[in-house]
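My notes are kept below.

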Amino acid sequence: MRTMAKQDPSFWYQWILSSLQEGKAVEIVAKGWSMWPTIKPGTSLTISKVDISALRPGDLIAFTRAEHFVVHRIEEIQFNGSYAIYTRGDANLRRDEPITSENFCGKVQVVKAQQSALEGNFPAPHLPKRVMSAFVQFIFINCNRVKKIPLLLKRDPH
């Protein structure tokens, strides 16, 4: 029985880049937290090459940085003879360096979250945004009321 040698990460990096250049869609798995909560580690992302002029703010794009792929959201696109795309991870406070046609890889077409083994066939309960917002406001208001109790007790002469 022959065992296959494990490929060097730079092999896969080059393979993905060449596949995108050939016009193939590539599926990768997210590893970082910079796009949380939109993309969590383990999320499957399908990326395909698109013309850089077709991109719009809000799109998720893949680009390279030091032989790694990064997926972030476009904030701003500038064109002054060539494109400069400014991105930021949803969980990041700072913008990334400008993305150019040199390190732009493609647009994320599909985001598919990996189902947890704990979830099985039963998805986790999801509270509608209004209910969650009302709950947070209720907690916030009551916490502020609790903070005022010592002041109210000082005023009471009994």
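The entries follow by topic.

Conventions. I worked on a predicted model, where local features need pLDDT of at least 70, side-chain atom pairs count only at pLDDT 80 or more, and totals for chains, interfaces and linings use all residues. Residues are numbered from 1 along each chain as its sequence is written, and side-chain values use heavy atoms, with hydrogens and water left out.

Strand pairing. I took strands as DSSP runs of E of at least two residues and helices as runs of H or I of at least four, numbered from the N terminus; two strands pair if DSSP finds at least two bridges between them. I found β3 (residues 60-65) antiparallel to β4 (residues 68-79), with 6 bridges. R65 has H68 in β4 as its bridge partner. This hairpin leaves 2 residues between the strands, and A66 there has a positive phi near 50°. I then traced β4 to β5 (residues 83-88), again antiparallel with 6 bridges. R73 is bridged to R88 in β5. The hairpin of β4 and β5 has 3 residues between the strands, and G81 takes a positive phi near 90°.

Helix α1. I located W15 in helix α1 (residues 9-21).

Lining of the largest pocket. I recorded that α1, β1 (26-29) and β4 each supply at least two residues. The greatest contribution is from α1, with 5 residues.
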